[in-house]
Amino acid sequence: MRFTSTLASAVAITSVNAVSLADVSSLLATYSSASIETVKRGLSFRSGGGKCPQVWDSVIPVLVTKFKDFSVSPPQCNDDARAAIREAFHDCGTWDKTQGNTGGCDGSLVLAPGEVNRPENGGLGGITNYLIWLKSQYPADAFTMADLIVVASSVAVVTCPGGPVVPTYVGRKDSATPAPNGRLPDVHAPANDLFQLFQDKGFDAVELAALLGAHSTSKAFGQMNANPAADIIPSGGQQDSTPGLWDVTYYKETLNPPTGVFPFASDKKLAQHPTVGKEFKGFVDNKGKWNGKFADAMLHMTLLGVKGGKDALIDCSDKIPRQINSKRDGRGIY
């Protein structure tokens, strides 16, 4: 599967499996059927302030289990987590200022016929099918697909040891209207064009440089036929030497890649851009700064197209698990 370079283009790629019966059994084992039924009774989604809906107390532990790689100890984030982060970028990131209070984070990536099958969304079918399945386990009005995509991305970030809690709001409206074409970055575009594309969405150089850091956990698939040949990345090629961890190794290794690390062409260009590059280099060996800037930029991303912004939504940030001792020993959540 594909994980997108510059976070919202047909660039990079990540593998994730479609939902299987084994997945379902594993996920259902993470919470009791009684708790599901308790949540299902009488719960419906509401926006515009108020208490975070209880349904997320059931949904979030399921996502945590789905996104952890238990083959290593302590667990790190897995390919499903990578796909979930990319899913949010591809749903929200098609927005630009010309669309006003429409589009953006509206669930259309999942709900609009054919949108997930566009070339730039290649590799997102697995996580899309999983989110459809997960939503089907609850009443139709328990939460929107748009909110599930955003919450899943926030949970995915913290399943990577060292990942920050992104301020997370719910109350978005769903739409089955396809997002406009041509709003996601092209890996082969010049750095100035890439920067302008993000400026058209309201992002400045600091935010763009911070968002690029999500490639700290990415892997590439499907880049064997890239053109020019210098942009070819072997299947499974990682963008830093610690893809299961949320750290700033990516920034240093994009500037000076060691053997076995394969930066995306777009990232290399932006790292040398006179404006974005300055901010990019400022995150080298400065994880505290990056975590804060990423959380702010990702919140910005998840509010694109939302009428009234976060003031029209409900704050569910406290539902997102916190890291435990991540600075000291790299442990994940729980």
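Helix H9 (residues 205-212) is mostly covered, with seven of its eight residues buried. The model is predicted. Its protein chain has 334 residues, of which 56% count as buried, and contains 14 helices and six strands.

**Helix H9 and its cover**
- The buried residues of H9 are Ala205, Glu207, Leu208, Ala209, Ala210, Leu211 and Leu212.

**Packing of H3 against H6**
- Two packed helices are described by the angle between their axes and the distance between the axes.
- For helix H3 (residues 55-67) and helix H6 (residues 125-136), the axes come within 12 Å and cross at roughly 150°.
- Because angles over 145 degrees count as roughly antiparallel, H3 is roughly antiparallel to H6.
- The crossing of the H3 and H6 helices is right-handed.
- On the H3 side, the contact is made by Val59, Val62, Leu63, Lys66 and Phe67, which meet Ile127, Tyr130 and Leu134 of H6.
- Sorted by class, this contact of H3 with H6 has seven nonpolar residues, one charged residue and no polar ones.

**Chain-level values**
- Among contacts in the protein chain between residues at least 6 apart in sequence, 74% join residues at least 24 apart.
- The protein chain exposes about 13000 Å², and carbon and sulfur atoms supply 52% of that area.

Technical notes:
Residues numbered from 1 in each chain as written. Predicted model: local features only at pLDDT ≥ 70, side-chain atom pairs only at ≥ 80, totals over all residues. Heavy atoms only, no water. Axes fitted to C-alpha atoms, helices over the stretch in contact; angles between N-to-C directions. Helix = DSSP H or I, 4+ residues; strand = E, 2+ residues; numbered from the N terminus. Parallel < 35°, antiparallel > 145°, perpendicular 65-115°, else oblique. Left-handed = near helix turned anticlockwise from the far one by under 90°. Contact = heavy atoms within 4.5 Å. Nonpolar A, V, L, I, M, F, W, Y, C, P; charged D, E, K, R; others polar. Buried < 20%, exposed > 50% of the residue type's maximum accessible area, 1.4 Å probe, protein only. Areas by Shrake-Rupley, 256 points an atom, 1.4 Å probe, with all protein chains shown as cover.
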